[in-house]
Amino acid sequence: LIEMGPGAGAAGGRLIAQGSVKNLSRDPTSFIGPFLVGKSVCVRTPVPESDVFSLGTIDLKTKAIHTVKPLHVRIPKGRLTVVTGVSGSGKTTLVLESLVPALSSLVNNRALPEHVTSIEAPGISAVKLIDASPIGINVRSTVATYANVHDELRKVFAKTQDAKDQGFKAGDFSYNTGKLRCPTCDGTGEVNLDVQFLPDVNIDCPDCRGSRYSLLAHRVEFENKNGEVHTLPQLMAMDINTALHACAGLSTVCRRLETLASLGLGYLTLGEATPNLSGGEAQRVKLATELSKRSTGKTLYILDEPTTGLHSDDVSRLVDILKKFSENGNTVLVIEHNLDVIKVADYIVDLGPDGGDRGGNIVGVGTPEEIAEIESSYTGEYLKPLLQKK
């Protein structure tokens, strides 16, 4: 094993440990070592079996589709439900091809998909899929704009004495339409070079050096509660962890940045273009944006394999966030293979037993403890020893 770190972004890039699994499990400098010898990602605080459906039920009935047999599935409201099963067992078909379009049709008063017999979801008025698809294709979209941080910062800078002296309003600080955007790159932070006989190349704007702002924006300063002075271009160049300190005293901004940091995204810069994010990063930025909103309990949130590519330490953060999200009354459904997520679920829908024509059935439903006792469940087979460690 070769382990890089210790953190991500500017805090990483160094070799912190290398060797066999046995060596790393004993190396105090290794972050992955403790997980290799059984460190638990998250401890489950179970909901009593009798209370799992106490907040309501989403009831779905479908006909056969693809290799999935006719199903009747119940999902508890206000809980964390995980859909499990081997690859090809029908998880995607059940959730993304049946539940999501059926619920969308229900809340929008449209005809149900042909293969959906019925759906009942009292109290649910929206369904949101938080997946790993790219966040737009517009380079003007950044982590700060998507997370609703940039708008708040523009308001803050518009209230400074520097801005008032020069007559700048909040809209002027927009690098999409504001008068303070760089005129050379038009606020994109980059320019396109037409290289003869080769594909065009994008490089940082030679005038604003990628900041997206003109020199005028660098003359407007904000002083935080610690007496530190920063400009908006400087803040946009900071990573989230650094910006948290720089924005001390700005409660709304800090709350949204803290949510991003809690999901292990503290290394991203505020000005990072969202089309450049990896699938896992995009999914967590979307999740952070939803977490920053006030919970109504009327939305079903669906995540498709959110742990893909994550370090065990990041999985621990994600699991903690998902549990808190559901404990606040939100209904969360996750398609997942990772046992660390599965074992903390309030409710499991296990499909299978195998993939393809030998799958598409409900092998079992219930709490992790109940699934662990089902002999025909592959998920239960691997869950059982994990639950016995408690």
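Author: A residue is called buried under 20% relative accessible area, exposed over 50%, and partly exposed in between, using a 1.4 Å probe and protein chains only. The model is predicted, so local features need pLDDT of at least 70 and side-chain atom pairs count only at pLDDT 80 or more, while totals for chains, interfaces and linings use all residues. Residues are numbered from 1 along each chain as its sequence is written, and side-chain values use heavy atoms, with hydrogens and water left out.

By these terms Glu373 is exposed, with a relative accessible area of 53%. Its salt-bridge partner is Lys384, at 3.6 Å from N to O; a salt bridge here is a side-chain nitrogen of Lys or Arg within 4 Å of a carboxyl oxygen of Asp or Glu. The two lie eleven residues apart, Lys384 in helix α14 (residues 378-388) and Glu373 in the loop between α13 (368-372) and α14. Helices (H or I, at least four residues) and strands (E, at least two) are DSSP runs numbered from the N terminus. Lys384 is partly exposed, at 31% relative accessibility.

Asp346 and Lys323 also form a salt bridge, with the closest N and O atoms 3.1 Å apart. This pair links distant parts of the chain, since Asp346 sits in the loop between α12 (339-342) and β14 (347-352) and Lys323 in helix α11, 23 residues apart. Both Asp346 and Lys323 are buried.

Within helix α11 (residues 312-327), Asp313 and Arg317 are about one helical turn apart because four residues separate them. Their side chains meet in a salt bridge of 4.0 Å, N to O.
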